[in-house]
Amino acid sequence: MSSRFAKEKERGKMGRLTALSLPLMVAACLLSVVPLGVVASYNIGVGIADVTGPSAEIGFMGYAKLGQKGTGIHLRQFSRAFIIDDGKQRLAFVSVDCAMIGNGLRKEVLARLKSLYGDVYTEQNLMLSGSHTHSTPGGYMQNLLFDLSVLGFVRQTFMALLSGIVISIRRAHESMSSGRVYVTQGELVGVNINRSPTAYLANPAAERAKYPYDVDKTMVQLRLVRDDGKPIGAIIWFAVHPTSMNNTNTLVSSDNVGYAAILFEQRMNPGQLIGKGPFVAAFAATNLGDVSPNVRGPRCQFSGRPCDLHSSTCSGRNEFCIASGPGTDMFESTRMIAEKLFGKAWELWNDDAAEEVTGSL
């Protein structure tokens, strides 16, 4: 898988990898799939914790726009942890409502886990994944390129992420019990478009002929259920950028995928506050490279006409070419995309054709 991913990236098809390409890093760590109903068991656990950073006066990580600083909160940030153990090996997957994960943050998480659990969690079995929202506080990457637009390191952002990630893993660790894992997938349209369609056309015709669309429209879901039948979690992968909230936004937001996760959790945890309850659902980042949720496509701000496809400009000026949709503003668009993501995920959750995943990690 790793070599295939490298080849696909080199060939410029980050928006068109098959749906299982990145989810396979988790799902295909399990060696075989058997029909629903066959007795098979792992130890599984889930956990969630708040990782919301400073909501005011701190630049956001994603759009690299110097003036885009927080003025409040639209949706809080969460870390969602999932642990699967086959009795010999363990995999911990964590999806975090942030732009991406820095190496320094990962090292500190591992250091704290080592002080708690010794060598149970290491670089070989802990996977931290940023949801890639562009509307959360920056300054935590400890990298000049990524922290430059935020004007340097921001300790408050770093510590909020570090503490919350560790807490979510601790909660998952402490909740582990015997259970099963199921996988299913389905097609979802009307949620994503290729933001570089002319670049995609540069791929060989034979390659493009393999796919019905110029972006991946397959949703993949892992379902975690305790042996007593109680559902405890789901990981959902679907290729879409969490950029329904555009670069004029100044409210901390987990964007469309974070909203979708909240909708799923609220359905499974009725009466619970957001971020509370035993069931945890993550809409994790996958092959979203050139995949936009702004399904109306790029249009000229003043005329409303489509932008020039080859240059993404309006009369030669790119600042007037803006992609949006499907709603009338970014808040409505975020909600609409989230509802569609959740709707398909809920359909998959109730799919009796889901297959049980078994085998060693």
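This is a predicted model: local features need pLDDT of at least 70, side-chain atom pairs count only at pLDDT 80 or more; totals for chains, interfaces and linings use all residues.
Start with the whole chain. It holds 9 helices and 17 strands. Of its 361 residues, 52% count as buried. Take the contacts between residues at least 6 apart in sequence: 78% of them join residues at least 24 apart. The chain exposes about 15900 Å². Carbon and sulfur atoms supply 53% of that area.

Now go to helix H5, residues 155-174. Its 20 residues should span 28 Å at 1.5 Å a residue, and the end C-alpha atoms are 28 Å apart, so expectation and model agree. The buried residues of H5 are Thr 157, Phe 158, Ala 160, Leu 161, Leu 162, Gly 164, Ile 165, Val 166, Ser 168, Ile 169 and Ala 172. An α-helix has 3.6 residues a turn, so residues three or four places apart point the same way. Keep that in mind when reading the list. What covers these buried residues? Strands contribute, including S2 (42-50), S3 (56-59), S5 (78-85), S6 (90-96) and S7 (126-130). Helix H3 (103-117) is also part of the cover.

H3 and H5 pack at an angle of about 40 degrees, and their axes lie 10 Å apart. Angles under 35 degrees would count as roughly parallel. The two helices are therefore oblique to each other. H3 passes H5 in a right-handed crossing. On the H3 side, the contact is made by Gly 104, Leu 105, Glu 108, Val 109, Arg 112, Leu 113, Leu 116 and Tyr 117. H5 answers with Phe 158, Met 159, Leu 161, Leu 162, Ser 163, Ile 165, Val 166, Ile 169, Arg 170, His 173 and Glu 174. Several of these H5 residues are also buried, among them Phe 158, Leu 161, Leu 162, Ile 165, Val 166 and Ile 169.

Move on to helix H8, residues 255-268. H8 has 14 residues and reaches 20 Å from its first C-alpha to its last, close to the 20 Å expected at 1.5 Å a residue. H8 is mostly covered, with 10 of its 14 residues buried. These are Asp 255, Asn 256, Val 257, Gly 258, Ala 260, Ala 261, Ile 262, Phe 264, Glu 265 and Met 268.

Asp 255 lies in H8. Its phi is positive, about 65 degrees, although it is not a glycine. Is this residue buried or exposed? Its relative accessibility is 0%, so Asp 255 counts as buried.

H8 and H9 form another packed pair. Their angle is about 50 degrees and their axes are 8 Å apart. H8 and H9 are therefore oblique to each other. Their crossing is right-handed. From H8, the residues that meet H9 are Asp 255, Asn 256, Val 257, Tyr 259, Ala 260, Leu 263, Phe 264, Arg 267 and Met 268. From H9, they are Thr 334, Arg 335, Ile 337, Ala 338, Glu 339, Leu 341, Phe 342, Ala 345, Trp 346 and Trp 349.

Stay with H9, which also holds Lys 344. Lys 344 has a relative accessible area of 11%. The cut-off for buried is under 20%, so this lysine counts as buried. Leaving out residues up to four places away in sequence, Lys 344 touches Gly 186, Glu 187, Leu 188 and Met 219.

Pro 326 sits in the loop between strand S16 (321-324) and helix H9 (330-349). The peptide bond from Gly 325 to Pro 326 is cis, with omega near 5 degrees.

Ser 312 lies between strand S15 (297-300) and S16. Like Asp 255, Ser 312 is a non-glycine with a positive phi, here about 55 degrees. Its relative accessibility is 37%, so Ser 312 counts as partly exposed. Asn 287 lies in the loop between strand S13 (280-284) and strand S14 (291-292). At 1% relative accessibility, Asn 287 counts as buried. Asn 287 and Asp 216 are 71 residues apart in sequence, yet their C-alpha atoms are 7.9 Å apart in space.

Definitions and conventions
Residues are numbered from 1 along each chain as its sequence is written. Side-chain values use heavy atoms; hydrogens and water are left out. Helices (H or I, at least four residues) and strands (E, at least two) are DSSP runs, numbered from the N terminus. The expected span of a helix is 1.5 Å times one less than its number of residues. Buried means under 20% relative accessible area, exposed over 50%, partly exposed in between (1.4 Å probe, protein chains only). Contact means heavy atoms within 4.5 Å. Accessible areas come from the Shrake-Rupley method with a 1.4 Å probe; for residues, only the protein chains shown count as cover. Axes are lines fitted to C-alpha atoms, for helices over the stretch in contact, and angles run from 0 to 180 degrees between N-to-C directions. Angles under 35 degrees count as roughly parallel, over 145 as roughly antiparallel, 65 to 115 as roughly perpendicular and the rest as oblique. A crossing is left-handed if the near helix is turned anticlockwise from the far one by less than a right angle, and right-handed if clockwise.
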